[in-house]
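Let's take a walk through this protein together, from the overall fold down to single side chains. Keep the viewer open so that you can find each residue as it comes up.

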Amino acid sequence: SSTWAYPADLVVVKASRPPADSAMSKTWPSRGPKYEVIDPAPELETVIKHMGIRHYAIIIGGTGASYLWGLTAGGPFNPFKYPTANTAAIIGNLGAILFVYQQVSFKLMGYIE
């Protein structure tokens with residue numbers, strides 16, 4: 001039987017900020033928030049409490065648009081038309097929820113207005 005061994009020269013490198021004069025420093029995120037920090041490390045309950053009507057509309061719109069796309073992608077006479085639409089709606093709903101969660105979290109951490 002064969003055994004797995006790590007190479008002796010395997011090096012683990014921790015992530016760190018690039019030097020200020022490097023080309024990568026121009027694309028690195030800002031050093032700190034630009035706006036007022038409401039919560040530096042928001043948890044799920046905090047994010048949900050700060051969601052507004054606009055955020056719920058994004059979730060509903062993303063789900064509805066994905067469902068309609070799934071209906072058209074399923075074809076007019078396809079027996080898998082509705083399962084395709086339901087699957088597309090689930091994927092669209094998840095994507096919209098993740099997008100809204102990201103936006104509200106960034107607002108609470110002060111990175112967007």
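What you see is a predicted model. The protein contains three helices and zero strands, so reading from the N terminus the order of elements is simply α-α-α. Of the 113 residues in the protein, 21% are buried. The accessible surface amounts to about 9,100 Å², and carbon and sulfur atoms account for 65% of that surface. If you take the contacts between residues at least 6 apart in sequence, 59% of them link residues at least 24 apart.

Now for the interior. In soluble globular proteins, nonpolar side chains tend to be buried together. Here, the largest nonpolar core is a set of seven residues: Val 47, Met 51, Ile 59, Ala 96, Val 100, Val 104 and Leu 108.

Setting aside neighbours within four places in sequence, Val 104 is in contact with Val 47, His 50, Met 51 and His 55.

His 55 deserves a look of its own. This histidine sits in helix α2. Is His 55 buried or exposed? His 55 counts as buried because its relative accessible area is 12%, which falls under the 20% cut-off. Beyond neighbours within four places in sequence, His 55 contacts His 50, Val 100 and Val 104.

Gly 74 is buried because its relative accessibility is 4%. Which residues does Gly 74 touch, not counting those up to four places away in sequence? The partners are Lys 81 and Thr 84. Gly 74 and Ala 85 are eleven residues apart in sequence, and their C-alpha atoms lie 7.1 Å apart in space.

Let's move to the outside. Leu 44, Ile 48, Tyr 56, Ile 60 and Tyr 101 make up a nonpolar patch on the surface, and together they have about 510 Å² of accessible area. One of the patch members, Leu 44, is placed in helix α1.

Our last stop is Lys 34, in the segment before α1. Lys 34 counts as exposed because its relative accessibility is 66%, which is over the 50% cut-off. Where does the chain bring Lys 34 relative to Tyr 111, 77 residues apart along the chain? Their C-alpha atoms are separated by 5.8 Å.

How values were computed: Residues are numbered from 1 along each chain as its sequence is written. This is a predicted model: local features need pLDDT of at least 70, side-chain atom pairs count only at pLDDT 80 or more; totals for chains, interfaces and linings use all residues. Side-chain values use heavy atoms; hydrogens and water are left out. Helices (H or I, at least four residues) and strands (E, at least two) are DSSP runs, numbered from the N terminus. Buried means under 20% relative accessible area, exposed over 50%, partly exposed in between (1.4 Å probe, protein chains only). Contact means heavy atoms within 4.5 Å. Accessible areas come from the Shrake-Rupley method with a 1.4 Å probe; for residues, only the protein chains shown count as cover. Patches are made of residues with over 30% relative accessible area and no salt bridge: like charges are joined within 9 Å, nonpolar side chains (Val, Leu, Ile, Met, Phe, Trp, Tyr) within 5 Å. A salt bridge is a side-chain nitrogen of Lys or Arg within 4 Å of a carboxyl oxygen of Asp or Glu. A nonpolar core is a set of buried Ala, Val, Leu, Ile, Met, Phe, Trp, Tyr and Cys residues joined through side-chain atoms within 4.5 Å.
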